[in-house]
Amino acid sequence: MLPSPSSCSTSSSSPLFHRRSSGRRFIFRIPNNIRCEVSKSLNGKVSIPITSDGMMPGFMQAARLNHTPVNGKLKVFSGTANSELSQEIARYMGLDLGMIDIKRFADGEIYVQLQESVRGCDVYLVQPTSPPANENLTELLVMIDACRRASAKNITAVIPYFGYARADRKTQGRESIAAKLVANLITQAGADRVLACDLHSGQSMGYFDIPVDHVYCQPVILDYLASKRISSNDLVVVSPDVGGVARARAFAKKLSDAPLAIVDKRRHGHNVAEVMNLIGDVKGKVAVMLDDMIDTAGTISKGAALLHEEGAREVYACCTHGVFSPPAIERLSSGIFQEVIVTNTIPLKEQHYFPQLTVLSVANLLGETIWRVHDDSSVSSIFT
């Protein structure tokens with residue numbers, strides 16, 4: 001469904017893909033020089049305005065048209081985990097996705113064959129290890145092996161969502177550190193570089209013996225929030241746990257240096273959280289809760305309930321990875337959130353949609369990062 005002229009400004013005749021159905025909203029900023037202004041939330045109420053003290057980079061709104069791969073040596077291939085995101089990335093970059101045949105044998109074994117030559121090419125494989133995590137991880141490994149055996153010059157695993165990232169240390173005796181194991185598997189399969197979005201913990205980059213480009217998806221969420229207009233005096237950024245304070249502080253600084261609040265959480269087991277206390281003042285304010293992922297939504301929903309008890313006017317949830325394991329949808333759609341904002345690093349199924357959900361595309365961000373890696377340009381400058 002194309003946006004109306006009144007809601008968009010354009011410098012090109014290319015269409016914008018803006019889909020709305022089943023009570024969810026997708027905002028895809030893809031190659032077109034068009035930017036839509038979102039003026040209403042999904043529940044029909046006027047959205048809370050938010051101020052922004054800076055302009056977002058140009059690649060957030062327009063296609064990257066000033067670069068072309070030399071002699072076709074840049075190729076992007078997609079796994080089956082998130083083909084829509086891969087297509088958006090290729091569209092932003094002005095490329096066609098590489099031809100690849102991926103299928104399953106009757107017993108579930110994965111078969112991969114490249115349908116075009118990659119000899120001497122700079123190859124990027126887009127494949128998140130989202131649910132089913134083991135299936136998608138194995139597919140990524142087989143894709144890497146196929147490219148290595150086809151004499152690709154460089155192989156970069158583009159992993160929008162890096163699974164097993166939560167198992168990054170031993171908190172109890174006799175636990176595995178699965179994040180390190182997965183890093184070893186990807187390296188041994190033949191990857192020369194990894195490009196990942198919002199790792200659960202930054203130290204996970206050290207588990208790889210190859211270069212890792214860590215992509216922060218905050219610019220995408222900030223760009224969306226900048227389309228609203230709210231006084232910084234009415235805004236507070238909330239970290240749902242102590243471990244996310246650094247992430248929330250950096251986010252608050254980008255939102256006109258908004259104040260910070262912290263939810264003190266004590267966990268009694270995996271996917272089981274108990275909120276104990278709130279550090280900071282949220283009374284009469286609009287609270288924006290920020291996390292890297294929402295799995296069962298136990299942490300963020302209990303935190304939101306506490307914020308309402310402490311007098312918060314409205315609560316927004318923002319995260320990069322919407323895993324949405326049961327009973328996440330019931331918790332998120334219970335009415336405690338004004339809006340739940342996620343990105344499309346993980347493809348959402350039909351049963352994951354609910355009225356307060358907003359999905360933002362990270363295709364331009366990933367496409368820009370791939371170009372900069374290919375051109376040997378700075379990646380960190382995107383986020384400064």
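User: In which sense do strand 10 and strand 11 pair, and over how many bridges?
Analyst: This is a predicted model, in which local features need pLDDT of at least 70 and side-chain atom pairs count only at pLDDT 80 or more, while totals for chains, interfaces and linings use all residues. Residues are numbered from 1 along each chain as its sequence is written, and side-chain values use heavy atoms, with hydrogens and water left out. Strands (E, at least two residues) and helices (H or I, at least four) are DSSP runs numbered from the N terminus, and two strands pair if DSSP finds at least two bridges between them. Strand 10 (residues 193–197) and strand 11 pair in the parallel sense, over 4 bridges.

User: Which residue in strand 11 is the bridge partner of Ala196?
Analyst: In strand 11 (residues 212–215), Val212 and His214 point one way while Asp213 and Val215 point the other way, and all are buried, where buried means under 20% relative accessible area, exposed over 50% and partly exposed in between, with a 1.4 Å probe and protein chains only. The bridge partner of Ala196 in this strand is His214.

User: Which are the edge strands of the open sheet of 5 strands?
Analyst: The open sheet has the order 5-8-9-10-11, with parallel pairing. An edge strand pairs on one side only, which is the case for strand 5 (74–78) and strand 11.

User: Why is helix 4 largely enclosed by the rest of the structure?
Analyst: The buried residues of helix 4 include Gln218 and Asp223 as well as Val220, Ile221 and Leu222. Helix 4 is largely enclosed because its buried residues number 8 of the 8.

User: Are helix 4 and helix 5 parallel or oblique to each other?
Analyst: Helix 4 (residues 218–225) and helix 5 (residues 245–254) pack at about 40 degrees, with axes 11 Å apart. The axes are lines fitted to C-alpha atoms, for helices over the stretch in contact, and angles run from 0 to 180 degrees between N-to-C directions. Angles under 35 degrees count as roughly parallel, over 145 as roughly antiparallel, 65 to 115 as roughly perpendicular and the rest as oblique. The two helices are therefore oblique.

User: At what distance do the axes of helix 1 and helix 8 lie?
Analyst: Helix 1 (residues 83–93) packs against helix 8 (residues 363–374) at an angle of about 55 degrees, and that makes helix 1 oblique to helix 8. The axes of these two helices are apart by 8 Å.
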